Amino acid sequence: MPSVQSPQAVDPPASHSNPHALLPFLRSQSQNTLTRLYQRPSSCLSIYRLLGPLERQLVMNLLWLESAIPVNTMAVWVVPEGKKLYDDALAVMTGLHILQNSTVKLALNPTFKSSLRQAITGGGSTGSFGVPAEKDDKRQPGGIEVLDAYALERWETILHYMVSSGQGQLPTKPSQGVLYLLQRSELMKANHGATLQITSSGFQFLLHSPHDQLWDLLLQYLHMAEERQMDLVEVLSFLFMLSTMELGREYSTDPLSETQKVLLEDLRDYGLVWQRKASSKRFSPTRLATTLTSLSPSLPTSSSTGGSRVGATTSAIGVAASTAQQGFIVLETNYRVYAYTDNPLQTAVLNLFITMKYRFPNLVVGMLTRESVRKALANGISAEQIISYLSTHAHPQMRKNNPLLPVTVQDQIRLWELERNRLKSAEGYLYRDFASQADYMYVLEYAKQLDVVLWENGAKRCFFGSLEGHANVRGFIERRTGGG
Amino acid sequence: MEKASHLSVIVDLSPTQWHLSAQADNQYPLSIQTFLSQLLAFLNAHIASQHENTLAVFGALPGKSVMLYSSTEVLADDAAAPDANSYPPFKAVDSTVVQRMMYEFDAFKDVEEEAPCALVGALAKALCYINRITHPSTSPGGAAEDPSILPDPRILILSVSPDLSSSYIPIMNSIFSAQKLKVTIDVCKIYGPDTVFLQQAAHLTNGSYIYLERRDALLQYLIMSFLSPPAIRKVLAVPKQDKIDFRAACFCHKNIVDVGFVCSVCLSIFCQPVPVCSTCRTKFPIKTLQRLNASRPSLAPTSSRNTLPLANLNNATPRPTPPRNVNGGTPGLR
């Protein structure tokens, strides 16, 4: 029986939260690349934000020290139970070359140190936080609503394209660049001929939060940029610059390098950047871009934290406007799903694992059935993903329930998954026709010692051994028959 | 995912104390200008840590307390020109705090006599503010939020003024509210003698009280001790006071007392035996009063600190309890 997990248990404690997807990529870069990246204060600030909470505190502790401090001095601050976390944090920082590699003294990378200091105190002349465009008297800059609508439209076009490719219908195609990226990342695959077909990892991708989806694609983009001989430092620092920009403000394209201008066009396709015209000399980052380094889940359910000013800029990269920022799904114990949405994308995503019953202008009603869930499982979506999608998008009314989703439904979805795993196949050899029971037992004993027996049947005097053990078992039998 | 954290900073802006602090005959003179630049760096460091972190700054001025900055409040005078070399939120904090502080200081130019600093007012405002942001459902238009994304609130008090004994009761009441709201109060004593009340505030809310010894290293102290949210403090320890002065102030004269007399009904504290409790109007037997008066140390009470415990007005048998033990919570204040 699968155990019942409350959705709350999914949250890991702060100190154990998973590292950001970008960090492994950064770690794989050379020290030289990283040091060049660290020359820009905005990059340092963004990378600092991607670090875990403990690493951030350690960076801050070391930031204002002029000289290196002995390792022991810092270790005194660590409580014994936290030793492992502390060591891990130091390893992460050394891996990123934020911390200088030394076993006796702790000191930050001097470039990183001076740039982060500059980011915090302001000043300098690097212009790394984006040069604002001159005020244009003729035209008002696009408002935040325009930007949100644009980002949303772009992003949903991509997702919608993916979702509907599985059903054989093709809506508006995203641009060539996006299609290529989707193909590269194996989220979609060309299926005999030109039509792209969504893959199983593509289905999983659809159920992720917009924030994770965005980083998935950007990481692919970075890998691609490496192959296209683009300067990674310029690509990364442009992304980081975008993440520190202010929503609703216009920035000038003049200080950008050639690489970055190419990048700007690509990002416009993804909906990270808005421009009035392709030839425009100014651009505005959208919410997708300004929330790049915020660690909060950018899910529609987690709208702004109390309407704070900072919070307002971080609130959901809404999959739809304000109504959808709250959850929209009601799941009942009788497996019925009511989704209060008029968004075709959300309907399409739900359609992946739900049998639709009725559609109303603002409401979709469906059932979770064995067939519909099995269809999703066959597409490579896991039961956990379905459950987490349902719980992250649960309607506010559902949030009063504890546990959030009816336990029976959760368990049933997991059981449907287990159903698929009843048959397990393994390659191997069947040993039979033993002359005597003693022979059989003798060989079986030997095979068991090697831990290669997969199945045995004493009455029929045969057993099934795995492929790896065959050579040994065979040699053993030959030795016996040859010797005896 | 990790939670965002909220930090409310209360800055003690007593002009006299800052003037004294900047005198060159101090071992480490610290002027308000240097203090401010280091404080701003600290505030920025807090905002830098996470995009969702919220910040509020309160100033305790003589006779009044003001909010200098809050990240939830829409700035009216948003004239700060964008600058390619600084992160916009940092700039907003820096300019707002400095502007408002200057404005408040200018308003004090003509005042002859300095009223005591309204630390309690600032503390109460900070608590009200935290209450508002952690319970958004009570505020108009706020939606019911998932408790897991509520900020992890802390208050940091940067104190330069000495204790004001008349504010004992309001401070204690604030501490209880903080305990109830699960707010950690941290105290950094930048100048002047240790304050008894703030020590207790930090101790009772599980925060830390630090007396700044090397005042030239203010920023480093601030960052190492007060920047980390409670979750991190479980890994990187933060210094705490090993000795805490638990003395209370009496309700009648607001003096800090070593030996007090406690009403057996409502636990009010008095510096001398009284016939009727001023808080709950309980009358005490004359006999007890006489006995207590007789046993009272007549001379300098400070010298007898370790000899007499708090006596109970009804039952005057002195019990040998150590004086540091005037019961951590001092319950029953109203």
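**View 1. Chain B contains nine helices and eleven strands.** The structure shown is a predicted model. Of the 334 residues in chain B, 53% count as buried. The accessible surface of this chain amounts to about 14,800 Å², and carbon and sulfur atoms account for 56% of that area. When contacts in chain B between residues at least 6 apart in sequence are considered, 68% of them join residues at least 24 apart.

**View 2. Six strands of chain B form an open sheet with mixed pairing.** The strand order is S3-S2-S1-S4-S5-S6. Strand S3 (64–70) and strand S6 (209–211) of chain B stand at the edges; each has a single partner strand, so one side of each lacks a neighbour in the sheet. From one strand to the next, the twist averages 15°.

**View 3. Strands S4 and S5 of chain B pair in the parallel sense.** Six bridges connect strand S4 (residues 152–159) with strand S5 (residues 184–189). Within this pairing, Leu158(B) stands opposite Cys188(B) in S5(B). Strands of a sheet pair through backbone hydrogen bonds, in either a parallel or an antiparallel arrangement.

**View 4. A hairpin in chain A joins S10(A) to S11(A).** Strand S10 (residues 355–359) and strand S11 (residues 364–367) of chain A pair in the antiparallel sense over four bridges. Arg359(A) stands opposite Val364(A) in S11(A). In a regular strand, side chains alternate between the two faces of the sheet.

**View 5. Leu288(A) is a buried residue of helix H14 in chain A.** Helix H14 spans residues 287–290 of chain A. Leu288(A) has a relative accessible area of 1%, and is therefore classed as buried, the limit being under 20%. The C-alpha atom of Leu288(A) is separated by 8.7 Å from that of Ser243(A), and the two residues are 45 apart along the chain.

**View 6. Leu430(A), Leu454(A) and Trp455(A) form a nonpolar patch on the surface.** Together, these residues have about 310 Å² of accessible area. Leu454(A) lies in strand S13 (residues 453–457) of chain A. The relative accessible area of Leu454(A) is 48%, so this residue is partly exposed, whereas exposed would require over 50%.

Technical notes: Residues are numbered from 1 along each chain as its sequence is written. Chains are lettered from A and ligands numbered from 1 in the order in which they are written. This is a predicted model: local features need pLDDT of at least 70, side-chain atom pairs count only at pLDDT 80 or more; totals for chains, interfaces and linings use all residues. Side-chain values use heavy atoms; hydrogens and water are left out. Helices (H or I, at least four residues) and strands (E, at least two) are DSSP runs, numbered from the N terminus. Buried means under 20% relative accessible area, exposed over 50%, partly exposed in between (1.4 Å probe, protein chains only). Patches are made of residues with over 30% relative accessible area and no salt bridge: like charges are joined within 9 Å, nonpolar side chains (Val, Leu, Ile, Met, Phe, Trp, Tyr) within 5 Å. Accessible areas come from the Shrake-Rupley method with a 1.4 Å probe; for residues, only the protein chains shown count as cover. A salt bridge is a side-chain nitrogen of Lys or Arg within 4 Å of a carboxyl oxygen of Asp or Glu. Contact means heavy atoms within 4.5 Å. Two strands pair if DSSP finds at least two bridges between them. Axes are lines fitted to C-alpha atoms, for helices over the stretch in contact, and angles run from 0 to 180 degrees between N-to-C directions.
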